[in-house]
Amino acid sequence: MDMNKIRADFPILSREVYGKPLVYLDNGATVQKPKCMVDAMADEYFTVNANVHRGVHYLSQQATELHEAARMTVCNHINAASINEVIFTKGTTESINLVAFSFGEAFLSQGDEVIISEMEHHSNIVPWQLLAERKGIVLKVVPITDSGELCMDSYKEMLSSKTKLVSITHVSNVLGTVNPVKDIIKAAHDLDIPVLLDGAQSVPHMKVDVQDLDVDFYVFSAHKAYGPTGLGVLYGKEKWLDRMPPYQGGGEMIKSVSFEKTTFNELPFKFEAGTPDFVGTTGFAAALDYMNAIGMHEIEAHERELTIYAMNQLAQVEDIRFFGVAENKTSVISFLVGDIHHFDMGTLLDRLGIAVRTGHHCAQPLMNRLGIEGTVRASFGMYNTKEEVDILVKGIDRVKSMF
Ligand code: PLP
């Protein structure tokens, strides 16, 4: 990977904060944007802008073509079998809420079980709790080991005829653990149980092939994968989506409406009520093209090497404690140093130009499991370098010396 060229594609990386070069290590929260992605959106606003799907005029048709071409780009990127299986949403959170609501309506009733894990983001906990309140389903939680890996034996023991869905993260946003998703899916499928994977922290970092995984639902956010904010994807196997009722009502998702009876549009539009973010989808397609031009395998290899390098360098900091030391780990490192509060560490690193995240990372149950309130989290994107890791390590030493 030509790091100088890649970094030059992200204009924000050359700015300074507090007179220091920006070292952006908060990529788990959102990544910076390549110029080509923003250009694609600006170009569409300035030359094509018109509402999609409904217009007979030239611009509307062109905008529709761009929007549907973007769906095809997403479809190819994750190797979905059909564009009918690619639903545009507002993000990972909305995608999970959609499944919880709609799959819940169609397939879940009192006493049925949904399996999640101890390392889930709130987005993959709360929608199921809301469903539990509405429908009386039971949430089962797979525990994790001290190194931050799923207890696969406990998981397998939890699976039963009562289990109606498994919903687990592909990569933990706190621990960086890459879960053994093929094993998770195989064990569930052996009992005909469908699986949802939260791909918010995997799609930006590795090649994802939904057919190879044989996963039933796969969800992710564009803004974490070099695309725009406010856009996400729900991949779902057609056999499920076909049988699930609409999530929201409105324009686009209908075939015909009368006061007596409304019929619904076919997939994928059945789940896309209202005007979609058709400019955002063009931007996301440009972002995916950009990632593919660099190569998903190259991005993954670079970030894995960087993660190992960072773990080794950080390990030399006296009194550092890591949270998440799984063998299969990528791009996310959570830690605490001595008794320095994570918030103090983050604030002081910020003054040195280093952006890290502090707090519970929307994973309070995981924090409870770890017996802490929060961590400092450094998370990498494709443009991060070993030099930046060195700056982080020096920064931590400097903060330490202040206490
Ligand atoms: N799931 C995981 C693992 C995440 O890391 C995040 C965001 O940090 C989400 C879900 C929620 O994503 P969004 O806020 O884009 O909907």
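This is a predicted model: local features need pLDDT of at least 70, side-chain atom pairs count only at pLDDT 80 or more; totals for chains, interfaces and linings use all residues.
Setting aside neighbours within four places in sequence, Asn384 touches Met3, Arg7, Tyr24, Leu25, Asn27, His302, Leu306 and Ser379. Is Asn384 buried or exposed? With a relative accessible area of 0%, Asn384 is buried, since anything under 20% counts as such.

Two of the residues on that contact list also turn up as polar partners of the Asn384 side chain. One is Tyr24, whose backbone oxygen is reached by the side chain of Asn384 at 3.1 Å. The other is Asn27, and here the pairing is side chain to side chain, a polar contact at 3.0 Å.

Zooming out, the protein splits into domain 1 (3–25 + 295–402) and domain 2 (38–292). Taken over C-alpha atoms, the centres of domain 1 and domain 2 are 28 Å apart. As for how the two parts meet, 36 residues of domain 1 are in contact with 29 residues of domain 2.

The largest pocket has a volume of about 360 Å³. Its lining is made up of 24 residues, and those closest to the centre are Gly28, His121, Asn173, Lys224 and Cys362. Sorted by class, the lining of the largest pocket comes out as 14 polar, five nonpolar and five charged residues.

Phe88, Thr89, Lys90, Glu94 and Ala273 lie nearest its centre, out of 18 lining residues. Here the elements that give two or more residues to the lining are β4 (86–89) and α4. By class, the lining of the second largest pocket divides into seven nonpolar, seven polar and four charged residues.

Finally, a few spots in the backbone deserve a look. Most residues other than glycine have a negative phi, and most peptide bonds are trans. Against that background, the bond joining Leu267 and Pro268 is a cis peptide bond, with omega at about 0°. Pro268 belongs to the loop between β12 (262–264) and α10 (278–294).

Which phi values are positive in residues other than glycine? Glu252 has a phi near 70°, and Cys362 has one near 55°. Glu252 is in the loop that links α9 (238–241) to β11 (254–257), and at 11% relative accessibility this residue counts as buried. Cys362, for its part, is in the loop between β16 and α13 (364–370). With a relative accessible area of 33%, Cys362 is partly exposed, because that label covers values between 20% and 50%. Cys362 has already come up above, as one of the residues closest to the centre of the largest pocket. So the positive phi of Cys362 belongs to a residue that is partly exposed and that helps to line the largest pocket.

Notes. Residues are numbered from 1 along each chain as its sequence is written. Side-chain values use heavy atoms; hydrogens and water are left out. Buried means under 20% relative accessible area, exposed over 50%, partly exposed in between (1.4 Å probe, protein chains only). A polar contact is a pair of N or O atoms within 3.5 Å; within protein, one must be able to donate a hydrogen and the other to accept it, and residues adjacent in sequence count only if both atoms are side-chain atoms. Contact means heavy atoms within 4.5 Å. On a 1 Å grid over the protein atoms alone, a cavity is a set of points where a 1.4 Å probe fits but cannot get out, and a pocket is an open set with protein on both sides within 12 Å along at least five of seven lines; lining residues have an atom within 4 Å of a point. Grid points are joined across faces, edges and corners, and a volume is the space filled by probe spheres set on the points. Ala, Val, Leu, Ile, Met, Phe, Trp, Tyr, Cys and Pro count as nonpolar, Asp, Glu, Lys and Arg as charged, and the others, Gly among them, as polar. Helices (H or I, at least four residues) and strands (E, at least two) are DSSP runs, numbered from the N terminus. Domain bounds come from an automatic or database domain assignment.
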